[in-house]
Amino acid sequence: MTVLLEREAKKGTAPARPPRRRSRALVIAQARPWLLLTPALILLGALLLWPLVRVFLFSLQDYGLREIVSGDSNYIGFGNYAEIFSNSTLWTVVLPNTVGFALVSVSATVVFGTLVAMLMASLSPVWRTIVGSAVMVAWAMPAVTGTYVWIWIFDADQGLVNETLKSLGLMNESFNWFTNPFTFYAIVALNIVHHGFPFVAITVLAGLLGVPKEMLEAAEMDGAGPVRRFFAIIYPTLKPVFSVVIILSTIWDFKVFAQIYLMPGGSGSNREVLNLGVWSYVESFGQNRYGFGAAIAVLLTVLLLIITAIYVRTLFKEEKE
Amino acid sequence: MKKRYLPIAMFAIAALGLTACSGGGTDSPTDDTLDVWIMQGTNPDTEAFFDTVGDAFTEKTGATLNVEFVQWADAHDRFVTAIAGGTTPDIAETGTTWTAEFADSGALAPIDDYVAEAGLEDDLVQGLVDSGTYDGSLFGMPWYAGVRSIIYRTDVFAELGLAAPTTWQEIVDAATVIQAERPDLIPFPVPGDAEMLTYPWVWGAGGEVSTLEGDQWVSGLDADEAREGIRFYTGLATEHGFSSAGATTWKETDLLDNFSQGTVAMAISGSWTPATVLEKAPELEGKIGAIAIPGQNGGISPSVLGGSHLSMFEGSENKDLAWDFMELMTTGDFAQQWADQTGYFAGTESLLQPTIESDDPLVQPFAEQMVDGGASLPVTPTFGAVQAKKTTNAMIQSILSGQKTVDEATTDAAAEMNDIMNGN
Amino acid sequence: MRRTFGPRTLGKGLLVAILLIFTLFPAYWMISSSFDARASSGGQSLIPQEFTLDNYLFVFEEGQFGLFLKNSAIVAFFTVLISGIVALLASVAVARFKFKFRTAVLILVLTVQMVPLEALVIPLFVQVRDLQMLNTLLGLVVVYLAFSLPFAIWMLRGFVAAVPVELEEAAYLDGASWGRMFRSVLLPLVAPGLVATSIFSFIVAWNEFIFAMTLLGGAADKYTVAIGLKQFFGVHSNDWGPVMAASTIITIPVMIFFILVQGRLSGGLVAGAVKG
């Protein structure tokens, strides 16, 4: 990623050079980028960075309803963290759910999205537009509505899936898909992939259309199958696109909240399906333990930072070699 | 060059526009508006009722009433966020198990003086006074009380020649017949997300939810008696199959919905529910009966004496006006009407007495349950936190879904309850 | 590509069909249930059996969705507008100027995207409270700005970089000031990019759930569609017909928006990722 940025910087996007008649103009020209950046930096600083610092400060406190109301602080050192790490829920349920789910859904989303993009690239313009519009429909479905639709499809009493399986004679009694953590997360994954693959598909497709046809045709002449063509030509050419797509998907999938919180049992009564985000929310606003919840949130942030850092580094190394 | 001021200007305009949009609403309470939160779903016709109350209130005090309806399901979180954010209303209906918790956070105002001045001290229903008292002061004005008993389909029982059960075994016997003869019905659903429906079996088997020993709360959920009750209750689903797979994630409202849709034969349900069911499903008129929850071997299994207080918030700028509203709601005509319309029991003795003597078949069993089998959950601020953590719900759900055995689930739940109630 | 009807075309057709079913089914099922009078009583099938508009009438009478739509529209409009302006300025800075810490700013923009929203709920709640903006739409707009800005800057940067520098220089040669150049050269050329970017800010504002839930907690008259739907579902959880009707109502505006900007979008995404 960094390479990408540097490359862009070098390539010049030459600094704007207004006629240098007066030195005052020069000063303004030099200050201009910062003036342009100021509103964005102020907003990001006040609304993302400062809160991030504060969430860390909260996580060092026994911060409850009383402290929130009064604004007093109540530092207890790393007590919250000690409690989290000694909590078996973290190791047996929450962490596996969060990490495992992100792994599965990121790879599913990226692979599926890429396949769709390749299919779309091979279609005639008319069909490409039709499929593209369908993909847009999937993308446009808001997370909350999408979640309710999937709940309805898998509803234990009247849902389509149970009714169909029963009428086909594949199942005698209704099955509750939401009580078992595996089927629960399978539904969440379906929801996430359905909502997330359009971004991947559209991005990769636009990249694919930019790959020179001649290269692909030449490879096909040489007898390279689709798989070879993908790994020999497409993937290397589109590597920056894939990195962005993978990073953003990872970030998004680690943070799923609504899609889990709204599912039956997802807001705390089914302990087996908690993930870091829901756990933090439930502890904070259900138990009034804002300090403890903040510590969980810090953990989630650190986890994401580490993953992104590792990823950016590998990318950086590869490009260097 | 002026471009760079554009964002700031736009921001200011946008801000002005937005505040203009939002300023007209309720967030600038003037002296003559009383903001009230009322729980949704208690009265089938809540809005009409409060329209009338609002008119009467304006007539009496000259102030306007602004009622906001809140769902039980996320009410606790909304109260907590409002308390934390300083956006509480003047008065709110608070579930009896929450009053102590909110009082503990310093958000509620004591109302002893008002009650004494109005001469109401001796008329309030004792059970509700107990749960509304924290640290020696009264924070919750008794409004209404309710208990859960069993409602069942009299037409189905008549058709199959069944008598209403009087012991736990008879529940199983009746359900077995229904299961065999009427496969379209769920004989006795066991919802996995409804804690209040669990406690009667715990108490019925002689167990306890949690008791104060010295200065420590000790949960009784993992004691043998409680386990026996929980084993029986969840066994209705896991052993006998009287429940449905879907019920594992049902809330109490889902149970009621399904009863209204005519797919359920027996259900534990509150004294307030028959009215709601009949409103939703008029075709069930005359087909619903009620019985007190049978004891293990006869008698009555105690069920939670629940209900609601009206609580005044410390942040209210107009406490006298707030008290006028409380008095209007909890005494006299409106209290009576509310009880009649909802099937709840009034919070004052003078109004309660006639109801208890009623012989209405949909009132009498509940009155019997309340008088002879009403029990209280622990009165402590931390029990609200136990409820918010869904400790009991999680226990039942994990047994129903087969994640844990009764012994494992009760052990875990008791440990969690002790942790929370003794402040970790 | 030659058009022959061989097994390959057939296979491709099959794949397209499967893809269309997978992508469209949830939306189809939602809309179909919303028109089915029997959706709530378990009698539904793939095609509505008893066509009705009752579900929609019920939603508008009971659910105040008109109000929720208005609230969401206000929030989305201001989020899109303000984040568009701020992001445009910032992206011009990072794409057109060489200055100290430029790479640092870019990395910052990329990394802040990974901050999990859940982590910010507590501090932002306190912050918005201190600003006296709980239960107001303005409070929500401010928060959504923060979430939509990084991605908007990231994407717009590509569009700005794609505008040939020569055009700018030509403007200067004509004696235009920087401000004038910005207005008459850069802005018109980047406008399509702004449209594509706006959709992401729009989604943030339209879909966001957790902050709407905490910041608007006590004011049902300020609810946005996402939590309006949650509230509606809480009361009518087994009435699938109305729930699906409500879902349809809040989904349609987004779908229209998406399909309209479809063409712009694909260009923009790649621009954000690779251009420059």
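# Contacts and burial in a predicted model

Q: How many residues of chain A and of chain C does their contact take?
A: The contact takes 85 residues from chain A and 83 residues from chain C, where two residues are in contact if their C-beta atoms, placed from the backbone, lie within 7 Å. This is a predicted model, in which local features need pLDDT of at least 70, side-chain atom pairs count only at pLDDT 80 or more, and totals for chains, interfaces and linings use all residues. Residues are numbered from 1 along each chain as its sequence is written, while chains are lettered from A and ligands numbered from 1 in the order in which they are written.

Q: Which helix of chain A gives the largest share of the side that touches chain C?
A: Helix α2 (residues 23-59) of chain A does, with 15 residues. Helices (H or I, at least four residues) and strands (E, at least two) are DSSP runs, numbered from the N terminus.

Q: What makes up the side of chain A that touches chain C, by class?
A: This side has 62 nonpolar, 17 polar and six charged residues. Ala, Val, Leu, Ile, Met, Phe, Trp, Tyr, Cys and Pro count as nonpolar, Asp, Glu, Lys and Arg as charged, and the others, Gly among them, as polar.

Q: What is known of the contact between chain B and chain A?
A: Here 25 residues of chain B are in contact with 26 residues of chain A. On the side of chain B that touches chain A, α3(B) gives the most, with five residues. By class, that side of chain B divides into eight nonpolar, 12 polar and five charged residues.

Q: Why is B:W338 called buried?
A: A residue is buried if 20 or more other C-beta atoms lie within 10 Å of its own, exposed if 12 or fewer, and partly exposed in between. B:W338 has 22 C-beta neighbours inside 10 Å and therefore counts as buried.

Q: Where does B:W338 lie, and which residues does B:W338 touch?
A: B:W338 lies in helix α14 (residues 332-342) of chain B. Not counting residues up to four places away in sequence, B:W338 touches B:N43, B:F49 and B:Y144.

Q: How does the radius of gyration of chain A stand against that of a compact globule?
A: The radius is taken over C-alpha atoms, and the globule rule is 2.2 Å times the number of residues to the power 0.38. For 321 residues a compact globule would have a value near 20 Å, but chain A has 25 Å.
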